[in-house]
Amino acid sequence: MSNKYHQLPKYQRYLCILLIIYSSFTIILGLLTPYIITKQAPKQLSALLNRPVEIEQVSINPFTFEVSISGFKIKEKDTSQFTGFNQFSFEIRFWHSLVNGAVSLCDLKLQQPHLFIQRNNDETAPFNFSDIIQQLASNQDDTKGDIQEPAEIPHLILDNLKIINADLIYQDLVTNSYLHYPSMDLKVVGFDTLNMIEAEQNLDKNHFSIKFIGKQGGEISTQGHLQVEPLRIVGEVKLTKIQLPQFWSFISEDFQAQLSRGHMSFHTDFQLLPSPQGNNDSLQFTTDNGQLAVEEIVFSHDDSQLLSLPLFTIDGISLDLENKQLTANKIYSENFNIEANISADGLDILPLFIPSTVAQQETSSTNHNDSTQPAEAASPVWTASLNSLELKGYDIKVTERLLTDSTLWHLAPLNLSTRSISSNLAVPIEYQLDVDINKRGHFQSTGSVVADSQQLDAKVALSGFALTQLQDYISPYLNITLKQGQFNTEGNITVSSPEAITFTGALEVDDLLIKDNLHKKTLLKWDMMQVEGIDFDNVANSISLDNINFKQPYSRIIIAEDRSTNFEELLVSSSSEPATKGNSKPSSSVPAKHSDIALRKEIQAKETASPVPALTVKVGSINFSDGSTFFADNSLTPNFAASIEQLEGSISQLSSSQQEPAKVDISGKIDRYAPVSLKGEINPLLDKPYLDLQLDFNSVELTSINPYSGTYAGYYIDKGQISLELNYLLDNNKLIGDNHLVVDQLKLGEPSDSSLATTMPVTLAIALLQDRHGVIDLGLQVSGDLDSPDFSFGSIVMTAFGNLITKAVTAPFSLLAGMFGEDEELDKISFESGLATLSNAEKNKLETLAKGMQARPGLTLSVKGNVSAISDSRVLKEMLLEQEIAHVSQSEPSDMPETLSASSFPNQGPLSEALIAIYESGYNRKASALKKEIALEHEEQSLSEQQLDKEWHIALYNFCLKKQEVDDTALGTLASERARVIKAHLVEVNKLPPERVFLLDSRVDINKKAQEAVLTLGAD
């Protein structure tokens, strides 16, 4: 055999050798190698990984160099599936590799690979592949030698690489989460590790595409081009309707709120490039043309929906990771819906979205806020910009429980749009906002805001806001009901700092109706109230109003039976004020220590702050049109009621800073026909208010105040009108008032039985003050000091009027005398002792009195005579003795001496004889005995006979005078005669009607103190 071989030609021998070698190669590569791999590889891998490994079949085509591996599996220790594939095949392009000096493979296919990753609740083996990593690491430790420099990337060519229908499962036992992507495909075309990716070049080389399809729907895909050295990836990523609840499960245990449904779509172009600085260790990652859409988001808690977001999109997203820049073209969102409650604990849904780990970290950091933390090195700051933002159709429902028990505020639809927004918060952000409030008011605002410096420049407008929505906020403090009313305002707000705020604009309150809850009556209303030209500046602490216009304003003032007013009853008593709700607890997120520190800082800031200037107020004018007011006093019996209608006028140029007072010009009518006006100047806004006002009431019917007259005067009024002119000046807290009162044709009616009625003679006062034409015309000046703690405007006026009436009824004659410039006392007419004749002086007094009574026709006069028990009795005794002497002496009274007294009595003649006879008869003794006694008494003086006779007659006269008796009848007669003489003079001489002069009985209860007649005035 060998001879034959050697005999063959040389080329044949070479061919035989080559054939033998090739046959051996094919046998070894095609049969032996797959067999060895099938038998030995699983064992080696199992020993290496400490896991069961299976390979069903390995086949190698020695002719085409096609390799196929089937049924490869790596199992868990419990033989459950971990990873593997059905078939992996590829072709080695031998000649292509030789020509290109590279490892060249084509048609690489990995069919139906699967991978199961499980996260365990075990720190020693957090994942189901942790043991493999640990096993490989231990093997490397056993075989590691000297550290070698990393080799260059080998030249590798892969053409048409595919992963077909891969099945990926991730299970998280820590969070009970599960992800399953049953279909994942990968395709790489024309891959060469030496290919370079340049713009518009080699776009068909190194192309890759990957697609994941989730079991619950949704698709993740990416495609692009890959460059190995230097690393460069250019491509796009696309996520389509990724169901988000499956990912929320990974963090759901950290939140109380749960994501019930929602999906996300995302698309962007990206580039992973070498850094422009030429540093091979750093890469630059950028994205362009990104679009994000989050749809149908619903969060819930305890089976109730918290919020929903049907659509949220961001387009034009660009990211530069190296330069830390993020830009977006537009954020758009619509129909966001949320329902929440706000109380002393804050927004109730907010804790549902705060991770429990964050709350624990905040508590821990608060508890250790005194520890010194090392300063971190400053890092480059991210910058972000957004071209526009649009929120459309938002629906926000917030139930407020801070100030009320439960008040719903429904803000929908809420629309907000902005122009560019930058992370540089110093750049102004222009915005537009409009929102409906409870479908009963609309708010609009446009302007710009600077978040960094908290600056705002905006136009605002609130229209059709129903004031009844504020009822729950008013009820705890005021006993009123806002039945209707609309609030409108429009203006500009400027905030240059948190402490510098200005507002210019106008406001209007229309169709206001406020009812008093206690009386169930209208308290205040108007058709329209306009405030024009508002200019508020809180830095200057000033507010200026051009005009305040009231159209058909109306108010109701009621005095109750206990004399309290309905306005006093408006305030809810402190006992009925709502207490702090028991379920309102301090927020647990703010520890006490932190609160104390904040409180101390706040107090310190207030102490060091500069004093705030007093508020400056300026009002151009306050105008009234067709106003009215109703007043009722139920403390009176019967009740009193009156109204002022057709109220017109204005108050202009009102200011708290200028000394120039405001002008007042207001007019109206009482009960529709009695004019009333108020004119003058006023400035109540100064530290010491100023006013100079004239208030006029004309022809007000007195019958309308019958309740007052019946209660306090004791009489009802049948007829009469009153007019008032009141002038008051208040300057430097000093009040001076001039009151002019005119009462025309006052006629009292029936008396009342009021226990509050005055005890003064009202009818007399009226008669004293009312002239012959039925008019009472009074002028009254008052004054007071507002700095006095006892000052009361009402008290000084009533005191002045009370003093005037008291003076009239207590000194009526002085009042009458004063009418004619006299100061005489007209209430007493004097007489000489024992006489009833008028002197000229007393006649003059009666003349003055008569004039006064003629000027006051309602007055009557009562006259009562008085006597003096001493002087009048003595004169009457002398007159009786004179009459007895004339009788005894048989002389005529006319013949008697004009002056007959003890010292001037004749010592001889018939009168002397009559005196002696009267003595001897009266004393029953001789008159000569009396003469002897006198002589003995004057024995030492040696009286002459003539002197002795004179002394004797004096004694006789006095003894006879003592014997005369004057009784009360005589005195009463004298008193009556004196009264009669006065009436006769008034009637006959002064022409006073006799029916106006009355004589009082002077004989009963005789006044014996003075020799006069006493006059008293009364009313007809």
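The structure is a predicted model, in which local features need pLDDT of at least 70 and side-chain atom pairs count only at pLDDT 80 or more, while totals for chains, interfaces and linings use all residues. Residues are numbered from 1 along each chain as its sequence is written, and side-chain values use heavy atoms, with hydrogens and water left out.

Side chains of opposite charge can pair when their charged atoms come close. With a salt bridge taken as a side-chain nitrogen of Lys or Arg within 4 Å of a carboxyl oxygen of Asp or Glu, the count comes to 16. One of them links Lys77 and Asp131, whose closest N and O atoms are 3.9 Å apart. Lys77 sits in the loop between β3 (66-75) and β4 (81-92) and Asp131 in helix α4 (residues 130-143), so this pair ties together parts that are 54 residues apart in sequence. Helices (H or I, at least four residues) and strands (E, at least two) are DSSP runs, numbered from the N terminus. Lys77 is exposed at 55% relative accessibility, whereas Asp131 is buried at 18%. Here, buried means under 20% relative accessible area, exposed over 50%, and partly exposed in between (1.4 Å probe, protein chains only).

Another salt bridge joins Lys931 and Glu945 at 3.0 Å, N to O. Lys931 belongs to helix α16 (residues 927-937) and Glu945 to helix α17 (residues 945-962), so the pair ties together parts 14 residues apart in sequence. Glu945 is partly exposed, at 48%.

Within helix α18 (residues 968-989), Glu977 and Arg980 are three residues apart, or about one helical turn. Their side chains meet in a salt bridge of 2.4 Å, N to O. Both ends are partly exposed: Glu977 has a relative accessible area of 30%, and Arg980 one of 42%.

Helix α10 (residues 762-769) is largely enclosed by the rest of the structure, because seven of its eight residues are buried. Among them are Val762, Ile766 and Leu769.

Asp527 lies in strand β27 (residues 521-537) and is partly exposed, at 32% relative accessible area.
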